[in-house]
Amino acid sequence: MKILAVISQKGGVGKTTLATALAVAAENAGKSVALFDLDPQASACFWADRRKTTGRSETPVVRDVNFNRLPHVLDAMREAGADLVILDCPPQQRDIADAALSVADLILIPTRAEALDIRAMTQTVRLAKQMGKRPSVVLTFSPPTGAEIEQAREIIAQLEADLVPVSMHLRKAYSRAQQDGQTAQEYEPTGKAAQEIQRLYEYSATALYGKEAHGKVKAKSRRSA
Ligand SMILES: Nc1ncnc2c1ncn2[C@@H]1O[C@H](COP(=O)(O)OP(=O)(O)O)[C@@H](O)[C@H]1O
Ligand SMILES: [Mg+2]
């Protein structure tokens with residue numbers, strides 16, 4: 001079982017949007033996945049409630065988890081045979097950040113390419129580095145072009161973090177889907193946001209499971225083995 005933490009010391013950078021979309025992408029790729037909501041604001045839980053009450057889907061499993069119990073709940077998931085647990089983290093809560101970073105196999109830090117966000121991203125990268133881990137930074141709310149993007153790339157390189165090779169652009173599909181208990185790829189399957197999420201999922205799955213290990217074919221053959 002692998003653990004993916006979606007984390008930033010800043011709110012409103014797209015953590016919950018990416019955590020929910022990646023959980024659905026993993027499920028579609030044949031993984032058994034759970035999403036743990038570590039944020040007291042419980043946005044991922046609200047998303048799951050909305051998903052259920054609108055009759056869309058009972059999955060992925062989303063659980064409201066207190067960080068003090070994280071190791072215990074992860075063990076239970078491992079025993080239940082989960083392939084992937086995604087941690088949706090709150091901003092600014094150092095104890096929760098430490099708990100998530102210490103167990104994560106992949107750390108994804110969403111950030112806008114703007115000064116205040118870059119500052120929070122830098123802090124979050126440093127927290128990961130203190131745990132001896134090299135995080136991946138993903139640009140969100142990205143404009144089509146701009147000097148900020150180039151600057152962000154340089155800062156990420158200086159911090160010795162990895163930059164995810166696909167950016168999440170500013171698109172209505174992300175927010176509309178989220179409000180409805182959906183993900184961008186469900187809201188508009190052939191849209192650009194859906195493509196961005198798929199590429200982000202493939203990047204994450206390759207980092208977690210190795211090349212070619214994230215597709216449907218492999219997941220099915222593993223199950224029948
Ligand atoms: N790439 C994007 N383009 C447009 N809106 C987005 C994008 N990513 C997230 N949003 C919207 O921005 C708001 C904040 O995103 P959210 O994922 O809740 O951030 P966080 O979990 O970091 O606080 C939500 O309303 C969400 O739907
Ligand atoms: Mg959130």
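## Phe141 and its loop

Phe141 sits in the loop between strand 6 (136–139) and helix 6 (147–158); helices (H or I, at least four residues) and strands (E, at least two) are DSSP runs, numbered from the N terminus. Phe141 has a positive phi of about 50° although it is not a glycine. With 20 C-beta neighbours inside 10 Å, Phe141 counts as buried. The scale goes like this: buried takes 20 or more other C-beta atoms within 10 Å of a residue's own, exposed 12 or fewer, and partly exposed is in between, with C-beta atoms placed from the backbone.

This is a predicted model, where local features need pLDDT of at least 70 and side-chain atom pairs count only at pLDDT 80 or more, while totals for chains, interfaces and linings use all residues. Residues are numbered from 1 along each chain as its sequence is written, and chains are lettered from A and ligands numbered from 1 in the order in which they are written.

Most residues other than glycine have a negative phi, and most peptide bonds are trans. Gln92 lies in the loop between strand 4 and helix 4 (94–103), and is exposed, with 12 other C-beta atoms within 10 Å.

Then there's Pro60, in the loop between helix 2 and strand 3. A cis peptide bond with omega of about 0° joins Thr59 to Pro60.

## One side of helix 2

Helix 2 covers residues 43–53, and Ala44, Trp47, Ala48 and Arg51 are buried in it. These residues are on the same side of helix 2 because they cover an arc of only 95° around the axis, going by the directions from the helix axis to the C-beta atoms. Their cover includes helix 1, strand 2 (33–37), strand 3 (61–64), strand 4 (84–88) and helix 7. Just after helix 2, Gly55 has a positive phi of about 75°.

## Around ligand 1

There are 16 residues around ligand 1, and Lys15, Thr16, Thr17, Tyr174 and Ser175 come nearest; to count as near, a residue needs its C-beta atom, placed from the backbone, within 6 Å. Helix 1 (15–28) and helix 7 (172–179) each supply at least two residues of this shell.

## The whole chain

The protein chain has 10 helices and seven strands. Of its 225 residues, 44% are buried. Its C-alpha atoms fill a box of roughly 45 × 40 × 35 Å, taken along the principal axes.

Definitions and conventions
Two residues are in contact if their C-beta atoms, placed from the backbone, lie within 7 Å.
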